[in-house]
Amino acid sequence: MPQPLNLAFLGCGFITRVHSRNLRRLGSDLVCHYASRDKAKSAAFCAEFGGAGSYADYEAAIRDPKIDAVVVAVPPRFHFHLTLEALAAGKHVLVEKPAFLTMQEYEMVREARDRAGRVVMIGENDHYKPLAVTLRRLLSEGAIGEMVFAHFTSIARRLKTADDWRNDETMAGGDAFFEEGIHWLHIAGSLGPRIMAIHGYRPAPSRRGPDTRIKSMLVAFRYDNDAVGSLYYSREIPSLFRGLRLSKLFGRRGIITFESNGLFVLARGTGLPRVILPGFRDIRGYQAMYRDFASSIRTGTQPEMNLERAIEDQRLMDQIYTTLGPIRQ
């Protein structure tokens, strides 16, 4: 059995709680530590999740020689500098998504990664979730023949409170699509065909209520196989059961319909329709993501969700915002 890896979370908020719950199911392969600018908060997280230690600031965790890797789980504004500090200290890094705010920051982190000879993984758990794995497999098997259309729907009414840091674009890096829609942009671009051209369309925003962000975006794109697609994203429109929605992949020999959260996939091609349940045990992909991270550290190889893959996503995101016109009030 390999020695456990010592992992320090930088930041003790909602997403660290999500990660920690999933890591419990991986056994003793990863030993968790917690760092926060609030000493009582990091100690409370350590006690709640059976951690091995806590720190009163991020730098103490980064400097600790027994820590092998850090998880940067703070608002995006702080990702870049903490990642560079961790790499300079010889730590491997898993950084939450969106990882960095500009292409320049991605390139600077790549240079720092290569100098340090360490692993940098982008925390794109959606890449690893059973739904995405199933869709990639079906397309590679030719389940629907040549793809013609791709239609992705991620619509739900999930408003933030006034004191949520996501309401501050200097903290979040941008609006709701930049901060969270990046996950769906990655899925759309990671199924096999590569997105070559992309355009964003933004409806007039509503600034009413405590959630003042721009919360909706329509994205249209063309793949390198000449299929075309659309992504409907919103966090202000009600949906069935507060989040149930359907997406589809259309091919010349069939159609794949899937519940966007990963509950089921219906593949209709030649032969009888197939209902596939991708899997509920790791429905959001966190456990598979951490297994890849640990394996990459031990073998010295790059993870599936490496910096280069994230740079591709950032290029698409940059193109989307470049094509947007001025905001109409």
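Six strands make up an open sheet with parallel pairing, in the order S3-S2-S1-S4-S5-S6; strands (E, at least two residues) and helices (H or I, at least four) are DSSP runs numbered from the N terminus. Strand S3 (53-55) and strand S6 (120-123) stand at the edges with a single partner strand each, so one side of each has no neighbour in the sheet. This is a predicted model, in which local features need pLDDT of at least 70 and side-chain atom pairs count only at pLDDT 80 or more, while totals for chains, interfaces and linings use all residues. Residues are numbered from 1 along each chain as its sequence is written, and side-chain values use heavy atoms, with hydrogens and water left out.

**The parallel sheet and its helix**

- Neighbouring strands of the sheet S3-S2-S1-S4-S5-S6 are turned by 25° against each other on average, direction ignored.
- Strand S2 (residues 30-35) and S3 run parallel and are joined by three bridges; two strands pair if DSSP finds at least two bridges between them.
- His33 has Gly53 in S3 as its bridge partner.
- Helix H1 (residues 14-23) packs on the sheet, touching strand S1 (5-10), S2, strand S4 (69-72) and strand S5 (92-96), where contact means heavy atoms within 4.5 Å.
- The direction of H1 makes about 160° with that of S1; axes are lines fitted to C-alpha atoms, for helices over the stretch in contact, and angles run from 0 to 180 degrees between N-to-C directions.

- Eight of the 11 residues of helix H6 (residues 130-140) are buried, so H6 is largely enclosed by the rest of the structure; buried means under 20% relative accessible area, exposed over 50%, and partly exposed in between (1.4 Å probe, protein chains only).
- Among the buried residues of H6 are Leu131, Leu135, Arg136 and Leu139.
- The packing partners of these buried H6 residues are strand S7 (147-155), strand S11 (246-251), strand S12 (254-259), strand S13 (265-268) and S14.
- After H6 comes Gly142, with a positive phi near 75°.

- S11 and S12 pair in the antiparallel sense over six bridges, and they form a hairpin with two residues between them.
- S12 and S13 also pair in the antiparallel sense, over four bridges; their hairpin has five residues between the strands, and Gly262 in the turn has a positive phi of about 105°.
- Phe258 of S12 is the bridge partner of Ser247, and Phe258 also has Val265 in S13 as a bridge partner.
- Five of the six residues of S12 are buried, so this strand is largely enclosed by the rest of the structure.

**Individual residues worth a look**

- The peptide bond from Lys97 to Pro98 is cis, with omega near 0°, and Pro98 sits in the loop between S5 and helix H5 (103-116).
- Asp313, in helix H10 (residues 307-323), is buried with a relative accessible area of 1%.
- Leaving aside neighbours within four places in sequence, Asp313 is in contact with Lys97, Ile182, Leu185, His186 and Met305.
- Asp226 lies in the loop between strand S9 (216-223) and strand S10 (228-234); this residue is exposed, at 56% relative accessibility, and its phi is positive, near 75°.
- Phe280 is found in the loop between strand S14 (274-276) and helix H9 (286-299).
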